[in-house]
Amino acid sequence: MQQREYRGERGKRRVVASRSSALELEQFKRCLLHEHRSATVDSQVQPWLSRAADEAASIAWATPYPMLVLPVLLEERLKDARRRAELQQTIYERSQPIVALAA
């Protein structure tokens with residue numbers, strides 16, 4: 001019976017440590033993202049950056065050292081998100097004459 005209690009406490013400590021690490025990673029992600037957002041003026045890009053940051057944090061969490069991996073992974077994902085947002089904007093602008101003809 002004592003073994004079960006010990007395992008239960010040990011499991012609780014792991015859950016608490018895991019939650020704490022997850023909160024630290026989330027705060028770190030927000031801090032890094034804030035730095036990148038302040039450099040981006042275009043409000044159309046902001047949702048793309050948020051999704052990229054969430055994706056980077058999810059992938060980083062699956063690694064043994066998420067706090068070390070996150071900055072590099074975030075940089076890579078944000079660069080890709082900006083590229084995709086620019087592509088979407090280009091497509092939107094090019095399609096406006098077609099949409100105007102349809103209306």
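Me: Before we start, what is a nonpolar core?
Reply: A nonpolar core is a set of buried residues of the kinds Ala, Val, Leu, Ile, Met, Phe, Trp, Tyr and Cys. What joins the members is side-chain atoms within 4.5 Å. Keep in mind that the model here is a predicted one.

Me: Thanks! Which elements make up the protein chain, and in what order do they run?
Reply: The protein chain has 3 helices and 0 strands. Starting at the N terminus, the order is therefore α-α-α.

Me: Which residues touch the most other members of the largest nonpolar core?
Reply: Helices H1 (2-39), H2 (46-61) and H3 (66-102) each give at least two residues to this core. The core has 16 residues, and those touching the most other members are Leu33, Leu49, Ala56, Leu70, Leu74 and Leu78.

Me: Let's look at Leu33. Which residues is Leu33 in contact with, leaving aside its neighbours within four places in sequence?
Reply: Leu33 is among the core residues that touch the most other members. Once the sequence neighbours within four places are left aside, the contacts of Leu33 are Leu49, Ser50, Ala53, Leu74 and Leu78.

Me: Where do the buried residues of H2 lie around the axis, and how wide is their arc?
Reply: The buried residues of H2 are Gln46, Leu49, Ala52, Ala53, Ala56, Ala57 and Ala60. They lie on the same side of H2, because the arc they cover around the axis is only 135°.

Me: How far apart are the end C-alpha atoms of H2?
Reply: H2 has 16 residues, and at 1.5 Å a residue they should span 22 Å. The distance in the model agrees with this: the end C-alpha atoms are 23 Å apart.

Me: Is Lys29 buried or exposed?
Reply: Lys29 forms a salt bridge with Asp54, with the closest N and O atoms 2.5 Å apart. Lys29 lies in helix H1 and Asp54 in helix H2, so the pair ties together parts 25 residues apart in sequence. The relative accessible area of Lys29 is 6%. Buried means under 20%, so Lys29 is buried.

Me: Which residues are linked with Lys29 in a network of salt bridges?
Reply: Arg30 and Glu26 meet in a salt bridge at 3.1 Å, N to O. Both lie in helix H1, 4 residues apart, about one turn of the helix. The network links Lys29 with Glu26, Arg30 and Asp54.

Me: Which residue forms a salt bridge with Glu55?
Reply: Glu55 lies in helix H2 and its partner in helix H3, so the pair ties together parts 22 residues apart in sequence. The closest N and O atoms are 2.7 Å apart, and the partner is Arg77.

Technical notes. Residues numbered from 1 in each chain as written. Predicted model: local features only at pLDDT ≥ 70, side-chain atom pairs only at ≥ 80, totals over all residues. Heavy atoms only, no water. Buried < 20%, exposed > 50% of the residue type's maximum accessible area, 1.4 Å probe, protein only. Contact = heavy atoms within 4.5 Å. Expected span 1.5 Å × (residues − 1). Arc of directions from axis to C-beta. Salt bridge = Lys/Arg side-chain N within 4 Å of Asp/Glu carboxyl O.
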